[in-house]
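Visitor: I have a structure to explore and some questions to ask. Could you walk me through it step by step?

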Amino acid sequence: MTEQTLSADGKAAPVPADAGDAGYDKALKPRHVNMIAIGGAIGTGLFLGAGGRLAQAGPALAIVYAVCGLFAFFVVRSLGELILYRPSSGAFVSYAREFMGEKGAFVAGWMHFLNWSTTGIADITAIALYAHFWSFFTPIPQWVLALIALAVVLALNMVSVKLFGEMEFWFAIIKVAALVTFMGIGIFLLVTQQPIDGQVPGFSLLSDHGGIFPAGVLPMVLIVQGVVFAYASVELVGVAAGETENPRKIMPKAINSIMWRIGIFYVGSVVLLAMLMPWSSYSKSESPFVTVLSHVGVPQAGNVMNLVVLTAALSSLNSGLYSTGRILRSMSLAGSAPKFTGVMNKNHVPYGGILLTSAVCVVGVGLNAVVPSQAFEIVLNFAAIGILGTWAIIVLSHLLFVRKAKLGEVERPSYRLPFSPYTEIATLIFLVAVVVLMGFDEVGRITLYCLPAIALALVAGWFGVRKRINMDVFEKTKL
């Protein structure tokens, strides 16, 4: 029989088991999961992207990070409740399958694959660009560095889930240590009133340079889409649940911590940056942290921060290969992904899906060879759609889960998304608003032009696999 809980009327409500969850090692420890949660919430969107956005919107960027971070938290909190209902390596694909049917799972899985396969191209491109910062790597062509980065991370991902967890643990440690160190230096400068380029740090830098909204409200609104993508990895903690010891105990703590980490690291960092130097001192061509540290004479600031952003890109590539491997295996056993993506190696790693994602990344290596200066922007357009689609499906799945719970068909765990269903509705409206805002940006418009092609590919793909869909994927693991 399946695992059971008590429904609202006191009757046993079966909790189905997904066949895609069989065969995994439960090798991820609490420290791994906590750091995966941190790593998902901190990336190059903060280390690099904050500089250009500060220059565009001023201190109002802190408000945008807070608002977008709140909705990102709603997404991952929705996922967290579903995890406690039924932990699954298939994560949102498995939940979409249960509450939206196999069509929903098909869309969820392939949108996630679109996101992370294209993000993988962006990551290897970024790694190659960051490596060129050092003269030692300058003679090596960009595409060669991209290929080496992909090969190394791919090889390590194939070894075991425990090694993946260890890599993410140390990647996250480096990112957090860099941020904490910078914030410590910044707070010291703020408290001691040490001048930076003749300007005394403090709240006066906000009031004397146009206030919170120096460029008006419109620039603040227009950067929302870019800030959303800075949080694009928060959902990865859900995929890790299927390979975690006692996920019902570990996940609530890890997910809840995302909120205060966003508050401290994103909002706190931006407020600190705006009080250390005028917002107009920052630019998109340089990390804002390097801008501050270089102006106060910290030696090797550029080298250190380049190492940090290189680490962030490696972490993103590592997570993308990990998550798509698990998601594609769940889909393969249901018949909506190629059969080879469902196979595992002797270390219980679903290598078929990982290899498929890596194959798409090889296309990125080609882009780095043909159009090295444009490779990054080209792929980010497609990743944007995948991110928004994945988040929307998570929230929709949760909304349908809550509806079933009200009918007494399933039982909600004690760990719940607050103010449901209003929270889900507000989040969906927010995600739609982000899509609309993309139309006001030149790069965003290119993304929107791709929507019909993506929709057509999904429809064609569904018609191609629908005859081999296994509707009993939940039944296979019944005892």
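Visitor: At roughly what angle do the axes of helix H4 and helix H5 cross?
Guide: This is a predicted model. Helix H4 covers residues 61–85 and helix H5 covers residues 91–100. Their axes come within 11 Å, and they cross at roughly 75°.

Visitor: Is H4 roughly parallel or roughly perpendicular to H5?
Guide: Angles from 65 to 115 degrees count as roughly perpendicular. The axes cross at roughly 75°. That makes the arrangement of H4 to H5 roughly perpendicular.

Visitor: How many nonpolar residues are in the contact of H4 with H5?
Guide: From H4 come Leu79, Leu82, Ile83 and Tyr85. H5 brings Phe92, Tyr95, Glu98 and Phe99. Glu counts as charged. By class, the contact has no polar residues, 1 charged and, for nonpolar, 7.

Visitor: Is the crossing of H13 and H14 left-handed or right-handed?
Guide: Helix H13 spans residues 247–276, and helix H14 spans residues 288–295. Their axes come within 11 Å and cross at roughly 40°. The crossing is left-handed.

Visitor: Which residue has a side chain joined to that of Glu166 by a polar contact?
Guide: Glu166 is found in helix H8, residues 161–192. Leaving aside neighbours within four places in sequence, Glu166 is in contact with Arg31 and His32. A polar contact of 2.8 Å joins the side chain of Glu166 to that of His32.

Visitor: Which residue does a cis peptide bond join to Ser420?
Guide: Most peptide bonds are trans. Here a bond with omega of about 10° is cis.

Visitor: What is the radius of gyration of the chain?
Guide: The chain has 20 helices and 2 strands. For 479 residues, the globule rule gives 23 Å. The chain comes close to that, so it is as compact as a globular protein of that length: its radius of gyration is 22 Å.

Technical notes: Residues are numbered from 1 along each chain as its sequence is written. This is a predicted model: local features need pLDDT of at least 70, side-chain atom pairs count only at pLDDT 80 or more; totals for chains, interfaces and linings use all residues. Side-chain values use heavy atoms; hydrogens and water are left out. Helices (H or I, at least four residues) and strands (E, at least two) are DSSP runs, numbered from the N terminus. A polar contact is a pair of N or O atoms within 3.5 Å; within protein, one must be able to donate a hydrogen and the other to accept it, and residues adjacent in sequence count only if both atoms are side-chain atoms. Contact means heavy atoms within 4.5 Å. Axes are lines fitted to C-alpha atoms, for helices over the stretch in contact, and angles run from 0 to 180 degrees between N-to-C directions. Angles under 35 degrees count as roughly parallel, over 145 as roughly antiparallel, 65 to 115 as roughly perpendicular and the rest as oblique. A crossing is left-handed if the near helix is turned anticlockwise from the far one by less than a right angle, and right-handed if clockwise. The radius of gyration is taken over C-alpha atoms; the globule rule is 2.2 Å times the number of residues to the power 0.38.
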